[in-house]
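Biologist: Hi! Could you walk me through this one in plain words?
Modeller: Happy to. Let's have a look together.

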Amino acid sequence: VANADLVIVGAGLFGLTIAQQVVEHNPTARVHIIDVRNHIGGNAYSYFDEQTGAEIHKYGAHLFHTSSKRVWDYVNRFTTFTNYVHRVYTTHNGEVFPLPINLGTINQFFHAAYTPAQAKALIEQQAGEYADVDPQNLNDQGIKLIGKPLYEAFIKNYTAKQWQTDPEQLPATIIRRLPVRFTYNNRYFKDTWEGLPIDGYTAWFQRMIDNPRIEVSLGVDFFDTSQPLNKAALVGKVPIVYTGPIDRYFGYSEGELKWRTVDFKEVRYAEDDHFGCPVMNYADADVPYTRAIEFKHFNPERADKQSHDNTVVWYEYSRFAGRDDDPYYPVNTDADKATYNKYKNLESAEPQVVFGGRLGQYAYFDMWATIDSALTAYEEQVAPLLKESLNA
Ligand code: FDA
C-alpha cells in the first residue's frame, strides 16, 4: 500500500525525530510522514511575519530549554541556538511585577525591603494560616502553599481564567507546588541550556528530515479513507508511528479525553515596542485574556531585520477544547486518567503501531521531553518493529 517501510502520522517533533532516526540507522529504509496540517513542526511550528519581521509561533510561545545532554547534543546537529533567556512579567492592579514570584515581586508587592530570610519568614507565616487545612480545592491549596496575599494577587484569577472555572471548584491537585524564589533571579527556566533556533523553528525542522528517503505529505488526514495513506488501508500492512490523539485512533470507543485549548487574538501596534518584554501575563479577573506575546522580543538579535514602526502582539484566551479545536493541555482529571488507561490497554491489539507524542500519550511534554521520548521510542519500539518488517 505505502511505498515506504514506515508511515508516521504527524510531522510534530515526535514524528520528525523518529523519521530522522530511522533513515540515519537504516541505510535503505524509506519513511513517509503525513500530517493533516499544511506545515511540518506540529505545535512548535512558526512563520515569519511580513510586516514586522517577527517570528510568530503559530500555536503559542515556544521556548526551547533542556537539561538533557542527550537532547541538547541531538538538537544542535540541526540548528544552533541564540542566547535568549526567557523572562515573564505580570500586570496586577495596574502595576507590573516580575515572575516567577521572587524577592523582587514580594518586595514590590508589600512595599518592603525584606531580606531573603525575612521574606521567607513572612510567606511561611502567611501560609501557616492554613497549616491545619486539608486542601479540598485549588483555592485552599494555593493559600496553603504561599499564603493568601500572594496567592490571591498572582495565582487565583490567572488560574481561574486558564480553567474558566472558579478555583474553589477546581481540584487541589492542579497545583502541587508554587515555587517562590527568595532571590531576585527571575530567569524563568532553570535548565542548563536555553535558547531559540537561530534561523527559526521551521528551518530547524526541515533540516531534521532533509533526506531523499523521507517523504512528507501535508494536508492528509489519517482517518480520511478517500486518500491512500489512511488507517484502514495501512494498519497491519506496514509499521506505523501514530502521534495523533489516541481516543480518535480508537474511534472514541472508551470516551473522549478532555483538553484545554487557547484562542489567539492578533493586534498590531504602530510602534516599535508595546510591552518591553516578550510575555506579559494578566493576573486580574477583569482582563479576559491570560497573557500577551510580543514576538519581536524573542529575537532581539534580529533587530536590523525587524520593523521599528510596527509590532505584532497575540492575546491568549484559554478555554475547554471541543473535538474540532486544537488540543493544547490535557485536563487530566482522574476520569481522564482512567479513560487513557483503557486506551493504553487497547494498544496491545495493534502490534504494528507505536503510539507516541503528546497526543498519542495524552500528556503535556515540553519539546525536549518529546524529543527524548522519541529517541527512546525509536530504540525500544520502532527499531525492532522495522527490523522485523524489513526482514520479512
Ligand atoms: P504535535 O502536536 O506537535 O504534533 C502532532 C502532529 O500530528 C500535528 O502536527 C497534527 O496535525 C498531526 N496529526 C494529528 N492527528 C492527525 C491525523 N489524523 N492525520 C494526520 N496528522 C495528524 N514546549 C517547550 O519546550 N517550550 C515551550 O515554550 C512550549 N510552549 C508550548 C505552548 C503551548 C500553547 C503548547 C500547547 C505546547 C507548548 N510546548 C512547549 C510543547 C510542545 O508544543 C510539544 O512538546 C511538541 O509540540 C510535541 O510534539 P508532538 O510531535 O508530540 O505533537
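Biologist: What radius of gyration does the protein chain have, and what would a compact globule have with 392 residues?
Modeller: First, keep in mind that this is a predicted model. The protein chain has a radius of gyration of 23 Å. A compact globule with 392 residues would be near 21 Å, so the two agree.

Biologist: What box do the C-alpha atoms fill?
Modeller: Along the principal axes, the C-alpha atoms of the protein chain take up a box of roughly 70 × 55 × 35 Å.

Biologist: And how many helices and strands are there?
Modeller: The protein chain has twelve helices and 16 strands.

Biologist: OK, domains. How is the chain divided?
Modeller: There is domain 1, made of 6–40 + 209–253 + 330–391, and there is domain 2, which covers 101–174. Their centres, taken over C-alpha atoms, are 41 Å apart.

Biologist: Let's talk sheets. What is the strand order in the five-stranded one?
Modeller: That open sheet runs E9-E2-E1-E10-E16, with parallel pairing. Strand E9 (214–218) and strand E16 (353–355) are at the edges. Each has a single partner strand, so one side of each has no neighbour in the sheet. From one strand to the next, the twist averages 15°.

Biologist: How many bridges join E2 to E9?
Modeller: Five bridges join them, and the two strands run parallel. To find one on screen, look for Ile33, whose bridge partner in E9 is Val216.

Biologist: Which strands does H1 lie across?
Modeller: Helix H1 lies across strand E1 (6–9), E2, E9 and strand E10 (240–242). The helix runs at about 170° to E2.

Biologist: What about H12, which strands does that helix lie across?
Modeller: H12 lies across E1, E10 and E16, and its angle to E16 is about 170°.

Biologist: Now the seven-stranded sheet. What's the order there, and what is the pairing?
Modeller: The order is E7-E6-E12-E13-E14-E11-E15, the sheet is open, and the pairing is mixed. Strand E7 (95–99) and strand E15 (329–330) are the edge strands, each pairing on one side only.

Biologist: In which sense do E6 and E12 pair?
Modeller: Strand E6 (residues 88–92) and strand E12 (residues 279–282) pair in the parallel sense, over four bridges. Here Thr90 stands opposite Asn281 in E12. Helix H6 (residues 148–163) packs on this sheet, touching E6, E12 and strand E14 (311–320). The direction of H6 makes about 95° with that of E6.

Biologist: Which way do E11 and E14 run?
Modeller: Strand E11 (residues 259–269) and E14 run antiparallel, joined by ten bridges. Strand E13 (residues 291–294) also pairs with E14 in the antiparallel sense, over four bridges.

Technical notes: Residues are numbered from 1 along each chain as its sequence is written. This is a predicted model: local features need pLDDT of at least 70, side-chain atom pairs count only at pLDDT 80 or more; totals for chains, interfaces and linings use all residues. Two strands pair if DSSP finds at least two bridges between them. Two residues are in contact if their C-beta atoms, placed from the backbone, lie within 7 Å. Axes are lines fitted to C-alpha atoms, for helices over the stretch in contact, and angles run from 0 to 180 degrees between N-to-C directions. Domain bounds come from an automatic or database domain assignment. The radius of gyration is taken over C-alpha atoms; the globule rule is 2.2 Å times the number of residues to the power 0.38.
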